[in-house]
Amino acid sequence: MAPILRSTSLFALIVCQISLIFLFASTLPISSGSESEDSYTITGRVRIPASTVIGHAAKFSNIKVILNGGQHVTFLRPDGYFTFHKVPAGTHLIEVYAMGYFFSPVRVDVSARHRGKVQATLTETRRSLTELVLEPLRAEQYYEMREPFSVMSILKSPMGLMVGFMVVVVFLMPKLMENIDPEEMKSAQEQMRSQGVPSLTSLLPASR
Amino acid sequence: MAIRVFLTLLLFLSSAILSFSLYEDQAGLTDWHQRYIGKVKHAVFHTQKTGRKRVIVSTEENVVASLDLRHGEIFWRHVLGTKDAIDGVGIALGKYVITLSSEGSTLRAWNLPDGQMVWETSLHSAQHSKSLLSVPINLKVDKDYPIIVFGGGYLHAVSAIDGEVLWKKDFTAEGFEVQRVLQPPGSSIIYVLGFINFSEAVVYQIDSKSGEVVAEKSMMFPGGFSGEISSVSSDKVVVLDSTRSILVTIGFIDGDISFQKTPISDLVEDSGKAEILSALLSNMLAVKVNKRTLFVKVGGEGKLEVVDSLSDETAMSDSLPVADDQEAFASVHHEGSKIHLMVKLVNELDNVLLRETIQMDQHRGRVHKVFMNNYIRTDRSNGFRALIVMEDHSLLLLQQGAIVWSREEGLASVTDVTTAELPLGKDGVSVAKVEHTLFEWLKGHVLKLKGSLLLASPEDVVAIQELRVKSSGKNKLTRDHNGFRKLILALTRPGKLFALHTGDGRIVWSMLLKSPSNSQACERPNGISLYQWQVPHHHAMDENPSVLVVGKCGSDSSAPGVLSFVDVYTGKEISSSDIGHSVVQVMPLPFTDSTEQRLHLIADTVGHVHLYPKTSEALSIFQREFQNVYWYTVEADDGIIRGHVMKGSCSSETADEYCFTTRELWTVVFPSESEKIISTLTRKPNEVVHTQAKVNSDQDLLYKYVSRNLLFVATVSPKGAGEIGSVTPEESSLVVYLIDTITGRILHRLSHQGCQGPVHAVFSENWVVYHYFNLRAHKYEVTVVEIYDQSRAENKNVWKLILGKHNLTAPITSYSRPEVFTKSQSYFFAQSVKTIAVTSTAKGITSKQLLIGTIGDQILALDKRFVDPRRTLNPSQAEKEEGIIPLTDTLPIIPQAYITHSHKVEGLRGIVTAPSKLESTTHVFAYGVDLFYTRLAPSKTYDSLTDDFSYALLLITIVALVAAIYITWVLSEKKELSEKWR
């Protein structure tokens with residue numbers, strides 16, 4: 001379940017455009033407009049590597065991107081991009097929710113001095129992102145996997161253990177008994193008779 | 001034997017850490033999930049094309065959804081953010097659903113078939129104003145007419161294809177508010193009609209391609225407008241003036257504005273305040289005057305003329321073009337328990353195209369909204385279907401005189417939840433005879449065994465599921481032995497009470513609150529909260545249990561309250577009363593009268609409290625405990641918490657002997673410049689605590705400080721009360737308090753520097769767990785505080801206990817100064833949280849789990865052991881045996897621990913837990929826009945066999961053992977014989 005964070009060269013080409021924005025952010029402001037001084041736009045992208053897609057593949061239409069714990073909620077476009085408009089300068093938190101995946105929350109610093117320059121850091125791994133491309137840390141499986149049928153699973157079950165124990169007693173004990181010296185056996189039996197039958201309660205702490 | 005016990009113990013321990021998990025084929029077995037959308041605001045039909053007929057709706061829960069018109073199922077649905085209220089919805093280009101939200105500042109397009117967002121555009125808005133969406137209805141798809149949006153003082157034209165803003169006009173300076181945008185077909189000129197300060201009408205003619213103002217005309221109207229408007233044709237609107245007594249027809253032919261005033265008194269004898277009902281009827285207008293609905297025809301020169309009137313309240317749809325340039329509209333009115341749906345042609349009101357009478361459930365209330373759609377029947381005539389929204393928020397489709405489908409959308413706005421027992425079966429606790437023959441029984445279990453060993457074929461899996469649902473008998477309407485079958489009572493915002501069955505979530509009964517006195521002021525009270533009124537046990541066994549529903553007439557805090565008592569078994573209202581005072585706080589008291597009715601105190605805004613039930617018996621019980629009744633109020637805005645005590649009867653002011661005056665006992669004032677109350681919380685009053693003492697691994701004893709009168713308060717610096725991102729770590733700090741509500745004594749104070757809210761907390765037994773945001777680490781944190789009693793810590797010596805020199809039997813009192821100490825620990829948590837709850841079981845023995853409702857609308861079950869202040873980095877062997885988990889900085893999120901598994905409880909607002917009779921098991925009900933129910937066993941079902949238990953395997957084992965015994969017996973006989981021969 002290791003997170004797969006390989007970025008292919010093809011992918012790099014695709015996001016070339018957006019990375020440009022972030023690389024030259026100091027010169028290219030991503031502010032939303034001229035009329036409001038302190039409101040900026042955060043644009044990013046959610047990418048789910050094909051290799052992690054399991055059973056119920058998360059559709060882009062069901063993914064939500066949440067800013068600051070519910071202040072703004074937005075959705076993904078078909079190409080995976082999302083945008084938050086009218087975000088004031090400051091430090092924000094972006095969370096991505098997709099069924100079947102776990103995304104790390106992202107700390108996003110929108111700089112007022114650099115006219116809306118965006119810096120992003122994954123808060124879970126403390127990895128800083130050069131571009132706002134969010135990938136799942138891991139795929140999530142909500143169900144326990146049923147173990148395939150095996151003899152071991154039957155043997156491991158309490159009833160299997162019961163049968164096993166019986167088999168051991170039935171077939172091995174006589175063998176063991178044979179090995180014991182009849183004299184010794186007799187003395188042991190004598191001893192047992194004098195002590196009485198050991199009860200379960202006296203056995204329990206001993207086994208622990 | 002001993003080894004076996006040990007081995008099973010080992011097995012149990014090894015599986016204990018993952019206490020909740022589900023196999024995929026177990027999904028839906030004990031849980032159910034229902035999807036809702038909320039009260040529909042707008043509806044747009046999409047039935048032109050062959051194929052799937054659908055209706056696009058937007059709702060008051062900020063949901064945009066596409067519904068199947070045949071069955072009412074949800075094709076797709078999106079729940080927008082809580083502040084993202086939808087203002088308008090339309091279909092553009094025949095393939096995109098356009099929604100306008102956030103007061104006209106966000107425009108989104110969704111793909112019609114699958115709901116994928118296509119584009120999103122943020123529009124400028126400078127001020128609050130009503131917003132308006134106008135999507136061109138062009139049948140020629142290739143021509144790109146822009147979408148016209150007004151909101152926040154700006155008029156925008158947006159391309160429907162990619163959401164690009166083509167042009168915008170700034171109207172902020174004039175204070176111009178657009179009322180109507182008319183896009184005459186085939187013309188590129190659009191007419192924009194609006195008012196300036198509701199006293200001047202302005203019409204702009206704008207070129208829709210370039211945004212240039214071609215012509216502008218304005219005209220003052222001295223009286224001022226009320227804001228209600230109805231479009232009657234492409235060049236006329238009718239508005240009401242500010243006195244609501246004159247109808248003004250505004251014509252703007254070719255850019256010239258003309259007013260024509262018609263006083264209502266000219267139209268109808270008994271004039272009064274009028275209300276425009278219809279929004280868009282061609283050459284027609286529906287006006288409500290004195291509870292009568294008038295249909296007013298608008299003549300060519302703006303002349304008004306009453307053509308029809310209905311005596312009852314009527315809901316009306318917009319008009320709809322039908323064949324041959326005719327327009328039709330639908331109206332629905334009530335008559336007793338029936339509703340009449342009529343579709344008439346606008347030009348000939350006598351020509352009723354459709355008249356249908358439908359029997360309607362009384363508990364749906366009145367019709368609020370009607371949306372009409374037509375279709376061509378096989379004989380080329382027009383057929384009509386109507387989508388109606390009822391007072392209880394339910395959504396129904398009417399077609400051919402019948403309700404085709406209905407959706408109980410009231411359940412999307414649940415305000416309070418409680419649980420109730422089902423009636424006993426006739427012959428005591430009856431478990432049905434499900435298995436008929438031994439063969440069938442065995443077959444069923446062999447199937448189950450195959451399933452659990454992964455040998456089952458797909459058909460077998462289906463058979464197993466069926467068998468499971470059938471054999472569990474979970475859907476019966478009688479009480480069961482384990483307490484798994486219960487009723488969930490959910491009170492919704494429109495004032496309807498639903499009883500849901502825990503087995504499958506179906507509605508057992510529902511009841512709409514009625515105003516007891518049918519007064520004009522309060523036709524339909526809103527539901528506020530729900531209390532257990534009568535839970536019969538011991539004596540009064542024959543009484544049916546009942547609940548108290550507290551409602552309110554109107555939205556302000558001083559509005560008079562309404563009490564309603566509802567029989568849980570039948571869903572019938574036993575009685576209801578107009579209590580004549582406001583309801584601020586309802587306090588269930590720990591006393592019941594001889595019929596097991598619980599005493600309740602209701603505080604009003606004047607500072608009096610009122611005792612219910614109003615019987616002399618209740619009064620005498622209350623008089624006895626008069627001195628011991630305390631309560632507190634939280635004034636979050638002023639930062640004050642006050643403690644109150646009873647003073648005396650308020651007989652000096654009123655003759656009501658059930659009314660009492662109170663006196664302030666203590667106040668806790670938080671400095672308003674540095675602290676602002678953001679969250680308060682107490683323990684659940686009905687929580688059961690199994691043991692007061694906690695034994696440590698080193699055989700040491702800790703005594704929990706278990707008090708019902710503890711209040712958890714969280715305050716934050718005023719600057720940090722806003723959203724994340726609005727404050728720096730230095731400016732914000734979070735302080736939490738534990739306050740005794742009898743004395744006002746602060747037992748514990750804990751400050752978190754550089755932290756802010758929102759705080760979500762849960763309080764149980766002697767611990768509080770709360771979730772907040774740490775600005776320095778920029779992560780969410782969870783802190784646990786456990787509070788222990790120091791004064792009892794001395795009672796460790798066995799001799800003291802034997803000789804009776806202990807203070808364990810000393811009564812716990814809030815008057816003495818409690819010696820307490822606390823332990824706390826903090827962890828990171830990787831998600832935003834909407835709500836936290838804790839499991840509750842019948843005796844409180846089972847270990848607890850926190851139920852964390854995440855922002856992704858899932859519910860995570862987290863063992864309380866993960867939030868234990870005694871966790872250390874390297875626990876000793878003894879501590880490990882006790883179950884202490886090594887300390888980690890982050891709380892784990894195990895995907896299998898999501899109790900909602902592959903579901904989402906969209907718009908999650910609350911989680912309610914209730915114990916079942918079986919100690920290991922608890923009911924969990926989560927509500928939001930969706931509903932979700934499941935049964936949880938936080939420490940696994942140690943007191944019963946699971947559904948998975950394979951009886952077949954047990955049988956086989958027993959047979960094998962018997963066979964083995966027989967074989968060994970035979971063998972030993974033989975051996976003995978041979979030994980004897982030797």
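This is a predicted model: local features need pLDDT of at least 70, side-chain atom pairs count only at pLDDT 80 or more; totals for chains, interfaces and linings use all residues.
Residues are numbered from 1 along each chain as its sequence is written, while chains are lettered from A in the order in which they are written. Local features need pLDDT of at least 70, side-chain atom pairs count only at pLDDT 80 or more, totals for chains, interfaces and linings use all residues, and side-chain values use heavy atoms, with hydrogens and water left out.

Between the two chains, 61 residues of chain A are in contact (heavy atoms within 4.5 Å) with 77 residues of chain B. The buried area, defined as the accessible area (1.4 Å probe) that two parts lose on being put together, summed over both, is about 6100 Å², and carbon and sulfur atoms give 62% of it. Of the area that chain A buries against chain B, 15% is supplied by A:Tyr143, A:Glu144 and A:Arg146, more than by any other three residues.

There are 14 residue pairs in polar contact between chain A and chain B, both residues being at pLDDT 80 or more; such a contact is a pair of N or O atoms within 3.5 Å, where within protein one must be able to donate a hydrogen and the other to accept it, and residues adjacent in sequence count only if both atoms are side-chain atoms. Elements that each supply at least two residues of the side of chain A that touches chain B include strand E4 (81–88), strand E5 (90–97) and helix H4 (158–179), and the largest share, nine residues, comes from H4(A). Two salt bridges (a side-chain nitrogen of Lys or Arg within 4 Å of a carboxyl oxygen of Asp or Glu) are counted between chain A and chain B, and A:Lys64 forms a salt bridge with B:Asp857, with the closest N and O atoms 3.9 Å apart.

Two backbone features concern loops. A cis peptide bond, with omega about 0°, joins B:Tyr612 and B:Pro613, the latter placed in the loop between strand E45 (608–612) and H5 of chain B. A:Asn68, in the loop between E2 and E3 of chain A, has a positive phi of about 50° although it is not a glycine.

Technical notes
Helices (H or I, at least four residues) and strands (E, at least two) are DSSP runs, numbered from the N terminus.
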